[in-house]
Amino acid sequence: SIEASGDEAELSASLFQRFTALIHDEQLYRDAMVDRDTVCQRLGIERHALNELLNTYADGLSLPAYINNVRIDMAYELLRDEPQKSIADIATAVGFTPQNLRLQFKRRFSITPTEYRQGKE
């Protein structure tokens, strides 16, 4: 019925809000070992439900890709706002290794974190 699909849409929208709160507000992205099972367990949902959420609300990104995007966004802010903090410390703070931060940052922005910082000075 139409009503049920409306309720389902509302439910999944609020579930996605819980998901983003878990990743962002509770800073689950900082855990380098975060995985699908952990997220599903924290939300009380099955793996397929998480996949559907990501397909619907996160442009079909995989969980690792979604979390990497959050990590890159946070790293960008830290690089910009905390120039005294080392790039290695920023990488660790967002759940990356320094090498992985460099790779992911360059993939997204076409420059390395170091180049970004040098360009800002």
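Colleague: Which element of the chain has the lowest mean pLDDT?
Modeller: Over the chain the pLDDT averages 91, and 93% of the residues score at least 70. Where pLDDT is low, the predicted coordinates should not be read in detail. Among the elements, α5 has the highest mean pLDDT, at 97, whereas the lowest, at 80, belongs to the helix of residues 2-25, α1.

Colleague: How far apart in space are Glu-8 and Leu-79, C-alpha to C-alpha?
Modeller: In sequence Glu-8 and Leu-79 are 71 residues apart, and in space their C-alpha to C-alpha separation is 40 Å.

Colleague: At roughly what angle do the axes of α4 and α6 cross?
Modeller: Two packed helices are described by the angle between their axes and the distance between the axes. For helix α4 (residues 63-81) and helix α6 (residues 98-109), the axes come within 10 Å. The crossing makes α4 roughly perpendicular to α6, and the angle itself is roughly 90°.

Colleague: What arc do the buried residues of α2 fall within, seen down its axis?
Modeller: In helix α2 (residues 36-43) the buried residues are Arg-36, Val-39, Cys-40 and Leu-43. An α-helix has 3.6 residues a turn, so residues three or four places apart point the same way. The buried residues of α2 line one face of the helix, because seen down its axis they fall within an arc of 95°.

Colleague: Which exposed residues does α3 carry on the face turned away from its buried side?
Modeller: The buried residues of α3 are Leu-50, Leu-53 and Leu-54. They are on the same side of α3, because the arc they cover around the axis is only 95°. The face turned away from that buried side carries His-48, Asn-55 and Thr-56.

Colleague: Which elements are included in what covers the buried residues of α7?
Modeller: Within helix α7 (residues 113-120), Pro-113, Tyr-116 and Arg-117 are buried. Their arc around the axis is only 95°, so they are on the same side of α7. The cover over these buried residues includes α4, α5 and α6.

Colleague: What is the relative accessible area of Asp-59?
Modeller: Asp-59 is found in the loop between α3 and α4, and its phi is near 55°, a positive value in a residue other than glycine. Asp-59 is exposed, and its relative accessible area is 77%.

Colleague: About what positive phi does Ser-110 have?
Modeller: Ser-110 has its place in the loop between α6 and α7. Ser-110 is exposed, with a relative accessible area of 56%. Although Ser-110 is not a glycine, its phi is positive, at about 65°.

Definitions and conventions
Residues are numbered from 1 along each chain as its sequence is written. This is a predicted model: local features need pLDDT of at least 70, side-chain atom pairs count only at pLDDT 80 or more; totals for chains, interfaces and linings use all residues. Side-chain values use heavy atoms; hydrogens and water are left out. Axes are lines fitted to C-alpha atoms, for helices over the stretch in contact, and angles run from 0 to 180 degrees between N-to-C directions. Helices (H or I, at least four residues) and strands (E, at least two) are DSSP runs, numbered from the N terminus. Angles under 35 degrees count as roughly parallel, over 145 as roughly antiparallel, 65 to 115 as roughly perpendicular and the rest as oblique. Buried means under 20% relative accessible area, exposed over 50%, partly exposed in between (1.4 Å probe, protein chains only). The arc is that of the directions from the helix axis to the C-beta atoms. Contact means heavy atoms within 4.5 Å. pLDDT is the predictor's confidence in each residue, from 0 to 100.
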